[in-house]
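Good morning, and thank you for coming. I shall walk you through one structure, chain by chain and then residue by residue.

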Amino acid sequence: MRAYARLFAEVLRANVAAVMEYRIPFLVQVFGMMLNNAAFLIFWAVLIRHTGSIRGWRFGDVLYLWALGPSAFGLAHVVFGNARQLGLLIVQGDLDVYLLQPKDPLFHALISRTVPSAWGDLVYGFMLLPFITHDPVRIGLFALFTVTGALVFVGFFSLVQSLAFWLGNITGLANTMTELLLNFTLYPETVFPQPMRWVFYTLIPAGFLAFLPIHVLRTLDWKWLPVIAAVALGLLMASTAVFRAGLRRYESGNALGGRV
Amino acid sequence: MVFLCQFVLSMTAFWVEENAAFLWIHQKLTLVLGTFLPLEFFPATWRPWLELTPYGWLCYPPARLAAAYDPNQALRLLSGQTAWVLALSLASSLVFSAGSQRTAVQGG
């Protein structure tokens with residue numbers, strides 16, 4: 001465990017050093033992503049100004065959505081930047097470099113990249129927080145749900161991308177699943193008809209990523225906390241199991257690669 | 001107008017190595033200002049300012065015209081869009097000529 005923590009810290013440090021090599025493009029992407037997210041707040045502010053609230057969701061609640069969604073998505077891609085590249089690594093036979101090293105190949109592959117614009121998402125979520133709450137308990141919970149949300153994102157992406165072992169190039173399917181999860185996460189749950197909400201707690205886990213955590217943040221209903229944590233860890237374990245099962249079907253691309 | 005806006009923004013690549021962020025913001029503003037929301041939804045004080053940007057002419061006015069035709073509005077829209085096309089064409093040619101002077105061709 002300690003060896004994994006050390007590897008994680010070293011790779012993160014190397015990833016940060018790599019993006020800081022191109023400092024201006026990095027900063028343009030970070031601030032660009034923050035402005036990009038802010039554009040949607042204009043939409044919600046203007047809409048709710050007309051409607052008052054949307055089926056019980058006021059602007060403050062929507063702010064929670066737009067803080068938690070981007071910060072969890074951001075953390076997932078800052079730390080596990082290869083989560084949405086995994087299918088490509090599998091199909092192109094580029095996993096050799098991770099298979100030849102002593103650590104778990106899925107963990108090593110996932111952490112080997114950071115996405116510059118995701119840093120903007122992560123910072124943006126926490127920048128919105130003072131406009132929503134000053135309660136230290138809720139701020140702590142928000143940080144915790146950013147971590148569980150990031151794990152749900154990574155578990156879901158890894159699971160879908162690992163299907164490439166069986167289905168080959170699944171870029172189209174993976175992109176669709178990503179868009180579905182992301183879009184459902186960024187709209188109030190109540191705008192969706194009741195009969196379809198079961199999807200958010202089964203196929204597309206937006207409920208455990210945003211809706212349940214926001215319910216806990218609004219009401220401090222602690223009983224859901226272990227459920228959210230268990231689902232995040234369960235999804236991660238499921239994705240690891242699927243990846244390991246798929247690995248038996250893996251074929252090398254015979255490309256030369258190295259990790260320094 | 002859509003092409004010219006994207007063309008001008010894309011040419012920022014002459015100056016910055018990573019310009020995708022400018023296009024993200026442009027796409028989101030296009031969506032929010034007049035595609036997701038009618039311009040009438042915005043505060044009255046915003047509207048003259050919106051008309052000073054391409055977003056005030058891109059999506060919502062043509063859609064509104066299709067839904068409720070008014071010859072005066074059609075003429076206003078046509079002249080507004082023509083003015084923007086001319087302004088953006090001029091801007092794109094200025095940006096291209098300024099940017100191309102910075103290009104060092106390495107052969108190949």
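In chain B, 57% of the contacts between residues at least 6 apart in sequence join residues at least 24 apart; two residues are in contact if their C-beta atoms, placed from the backbone, lie within 7 Å. Please note that this is a predicted model, in which local features need pLDDT of at least 70 and side-chain atom pairs count only at pLDDT 80 or more, while totals for chains, interfaces and linings use all residues. Residues are numbered from 1 along each chain as its sequence is written, and chains are lettered from A and ligands numbered from 1 in the order in which they are written.

Chain B has six helices and zero strands, where helices (H or I, at least four residues) and strands (E, at least two) are DSSP runs numbered from the N terminus. The C-alpha atoms of chain B fill a box of roughly 55 × 25 × 25 Å along the principal axes. Of its 108 residues, 16% count as buried; a residue is buried if 20 or more other C-beta atoms lie within 10 Å of its own, exposed if 12 or fewer, and partly exposed in between, with C-beta atoms placed from the backbone.

Let us turn to chain A. Is A:L236 buried or partly exposed? A:L236 counts as partly exposed because it has 18 C-beta neighbours inside 10 Å. This residue lies in helix α12 (residues 225-247) of chain A. Setting aside neighbours within four places in sequence, A:L236 is in contact with A:L151, A:V154 and A:G155.
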